[in-house]
Every structure is written in structure tokens, then in C-alpha cells.
Amino acid sequence: MITQRIGASTGLAPRHTVPLPITIPAPTIIAMVGALITLVGSALPWVTIFRGTQTLTGWNGSPRYFAGLAVASAALTLLFLWAGRPAAFRRLAVLAGSTAVVGIAFAIWQVAALNSSHSVSARILTPVLEPGPFVMAAGALLLLAVVAIPTSAARVPLPLWRRVILAGALFTAGWIHLALTPEHLGEATILGLGFLAAGLAQLALAVLITARPSDLAYYAVVGLSATLIVLYTIAVLKGLPFGGGHDHGTGLTIGAGEPIDVEGAVSKLAELFSLATAVVLVGQPNTQAAPISRPAESG
């Protein structure tokens with residue numbers, strides 16, 4: 001148990017300890033450091049192409065989403081402790097961390113395989129791996145330290161499951177907005193800042209819904225999700241009155257605006273789910289945020 005000494009240095013008050021709300025085991029700290037290292041690795045150079053004339057970081061492609069999985073794994077590790085160490089939350093943390101490890105390893109293999117294939121694409125691109133992927137891989141492996149923390153016999157109550165599922169949908173949409181912020185900043189400053197604000201707001205609401213649920217927070221989810229869905233609908237059907245200089249790539253075109261791509265579809269589905277779930281949870285009883293009790297440990 002992490003404690004704080006009171007009056008130890010002045011001698012004016014007797015020494016006693018005040019326990020903090022939860023014990024923070026060393027594996028949890030290792031997992032948090034792992035998430036930080038993974039984020040740093042995603043921002044480092046990942047690969048150079050065209051004979052070293054162009055450098056790509058993890059935020060130019062799929063590694064940015066593996067970084068999101070690392071953050072999700074770290075958050076689930078903290079939730080695992082806060083909720084009394086139920087096995088279900090540890091499994092989710094391990095699943096997110098393992099998926100990040102496998103995804104990063106696969107991305108490294110793709111670049112290495114392309115470089116050794118001697119194909120036309122390889123001769124044109126001449127891809128060379130940089131430190132970023134290896135830093136990310138090392139950080140992602142540290143996320144798995146959570147398996148060293150024993151579980152308890154605690155069961156997750158249904159109200160907490162509902163909030164965690166809602167938080168997961170908010171996190172998914174929020175991380176997609178953050179991942180797309182750099183390229184939208186290149187299109188229009190106001191658009192990029194809008195993506196950044198939306199992503200941060202959704203991540204903040206995910207934390208708030210899990211730890212301190214309230215009807216006000218649910219209403220905020222409804223309002224934010226509805227606003228973002230309407231804006232995306234306008235962007236698809238007519239186009240927004242700013243930007244337009246960015247190539248949105250391929251996708252389903254149903255209007256005069258941008259095509260619907262995978263990232264846009266996933267984020268909007270997550271927001272629709274968040275909106276509907278938040279409406280259902282408004283006024284629901286038993287939404288207190290206190291951690292569940294901690295029964296005897298089991299392996």
C-alpha cells in the first residue's frame with residue numbers, strides 16, 4: 001500500500017499513515033511506462049522511402065491505431081485495479097496489449113518483406129525501417145506486465161459493464177479523431193482543431209462516464225455525438241465550407257462531399273452507439289462510481 005507520512009519531518013504531530021484509494025503494484029507502473037513508450041515510438045520516424053528522401057512516422061498510417069490500443073490497455077489496467085481486480089478487466093487489458101504487439105510486429109514484417117521482395121514497388125519505394133517500430137514494440141510488450149497482478153473473485157456489476165462499454169465506444173471514436181488530426185490540420189486549421197477538440201472531448205467523457213457517471217455526462221455524450229454525426233453527414237452529402245485541399249482517398253461516395261471511408265464509418269457507428277446507450281442510461285439507478293469490494297485474492 002502506498003502511504004503518506006504525516007508530521008514526520010516537523011515533529012509537531014505524531015506519525016501516522018493515510019492509505020491512498022488503491023494499491024499501485026509495480027506491474028501497473030511498468031504497463032503505464034509501456035504505453036508512454038509506445039506513444040513516443042509512434043511519433044518517431046517509422047520508415048524512410050524513396051531512397052531516404054521521405055520519412056514517415058507512425059502517425060502516417062496504421063501504427064497510430066496501435067498506439068491507441070496501447071493507451072486503451074493502460075486505461076483498462078487502471079480500471080482493473082480500481083474495480084477490485086476482476087479477471088474480466090485484466091483479460092481486456094491483455095487483449096488490447098496483445099493486439100498492439102501483434103499489429104506492430106505485422107507492420108514491421110510487412111516493411112521487411114517488401115524490402116526483400118525485389119519487386120517493382122520495392123525498387124521504387126526502397127523502404128528502410130527506422131527506430132520507431134522497434135520502440136513501439138518494446139513499449140507494447142511492457143503492457144503485458146498486467147498479467148503479473150493477481151485477480152480477485154470480484155464480479156463486475158451490470159451498471160459498470162454498461163458504462164465501460166459506452167466508454168469503449170467513446171474512446172474508439174475519440175482516438176480516430178485524434179489520429180486524423182494531423183492530416184486535417186494540413187487541410188484546414190479549423191478542421192484540424194475541430195478533430196482535436198472532438199477527440200479530446202470524447203476521451204474525457206469516456207473517463208468521466210466510467211469514474212463519475214451522471215445524467216449531465218450522458219447528456220453531454222448525446223449532444224456531442226449528435227453534433228459530430230450531423231457535421232459528418234453534411235461533409236459527405238455537400239462538403240464543408242472549408243478545407244478541400246486534402247485527398248480523402250477512396251470510399252463510398254453518396255453525395256458531392258467526401259467519400260465514406262472505413263475510419264469515418266467506424267467513428268460514426270461508435271458515436272451512434274454512444275448516443276443510443278447514453279439515452280438509455282439517463283436516469284438509471286445505481287450509477288455510483290465507488291469501486292466494488294475486494295474479496296480474497298485468487299490466482
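Trainee: How many helices and strands are there in the chain?

Mentor: The chain has 10 helices and 7 strands. Both are DSSP runs numbered from the N terminus: helices are H or I with at least four residues, strands are E with at least two. This is a predicted model, where local features need pLDDT of at least 70 and side-chain atom pairs count only at pLDDT 80 or more, while totals for chains, interfaces and linings use all residues. Residues are numbered from 1 along each chain as its sequence is written, and side-chain values use heavy atoms, with hydrogens and water left out.

Trainee: What share of the residues counts as buried?

Mentor: Of the 299 residues, 38% count as buried. Buried means under 20% relative accessible area, exposed means over 50%, and partly exposed is in between, with a 1.4 Å probe and protein chains only.

Trainee: And what about contacts between residues 24 or more positions apart?

Mentor: They account for 72% of the contacts in the chain with a separation of 6 or more. A contact means heavy atoms within 4.5 Å.

Trainee: Pockets next. How much space lies in the largest pocket?

Mentor: About 1,000 Å³. The search uses a 1 Å grid over the protein atoms alone; a pocket is an open set of points where a 1.4 Å probe fits, with protein on both sides within 12 Å along at least five of seven lines. Grid points are joined across faces, edges and corners, and the volume is the space filled by probe spheres set on the points.

Trainee: Which residues are closest to its centre?

Mentor: Ala72, Ala75, Leu76, Gly168 and Phe171, out of 33 lining residues. A lining residue has an atom within 4 Å of a point.

Trainee: Which helix gives the most to that lining?

Mentor: H2, with 11 residues. The helices that each supply at least two residues are H2 (63–82), H3 (87–116), H6 (158–179), H8 (189–211) and H10 (262–281).

Trainee: How does the lining divide into nonpolar, polar and charged?

Mentor: It has 28 nonpolar residues, 4 polar and 1 charged. Here Ala, Val, Leu, Ile, Met, Phe, Trp, Tyr, Cys and Pro count as nonpolar, Asp, Glu, Lys and Arg as charged, and the others, Gly among them, as polar.

Trainee: Back to H8. What do its buried residues pack against?

Mentor: They pack against H2, H6, H7 (181–187), H9 (215–237) and H10. Among the buried residues of H8 are Leu191, Phe195, Gln202 and Ile209. The expected span of a helix is 1.5 Å times one less than its number of residues. For the 23 residues of H8 that is 33 Å, and its end C-alpha atoms are 33 Å apart, which agrees.

Trainee: And which helices do the buried residues of H10 pack against?

Mentor: H6, H8 and H9. The buried residues of H10 include Lys268, Glu271 and Leu281. Its 20 residues should span 28 Å, and the end C-alpha atoms are 28 Å apart, which agrees. After H10 comes Gly283, with a positive phi near 80°.

Trainee: Switching to strands. In what order do the 3 strands of the open sheet come?

Mentor: S4-S3-S5, with antiparallel pairing. Two strands pair if DSSP finds at least two bridges between them. S4 (54–57) and S5 (128–129) are at the edges, each with a single partner strand, so one side of each has no neighbour in the sheet.

Trainee: How many bridges join S3 to S4, and how many join S3 to S5?

Mentor: S3 (residues 45–49) has 4 bridges to S4 and 2 to S5. Ile49 is bridged to Gln54 in S4, and Thr48 to Val128 in S5. S3 and S4 also form a hairpin with 4 residues between them, and Phe50 in the turn has a positive phi of about 55°.

Trainee: Is Thr48 buried or exposed?

Mentor: Thr48 is buried, at 10% relative accessibility. In S3, 4 of the 5 residues are buried. Leaving out residues up to four places away in sequence, Thr48 touches Gln54, Thr55, Thr126, Pro127, Val128 and Glu130.

Trainee: Where is Arg85, and where is His118?

Mentor: Arg85 is in the loop between H2 and H3, and His118 is in the loop between H3 and H4 (120–125). Most residues other than glycine have a negative phi. Arg85 has a positive phi near 65°, and His118 has a positive phi of about 60°.

Trainee: Which of those is buried and which is exposed?

Mentor: Arg85 counts as buried at 14% relative accessibility, whereas His118 is exposed, with a relative accessible area of 62%.
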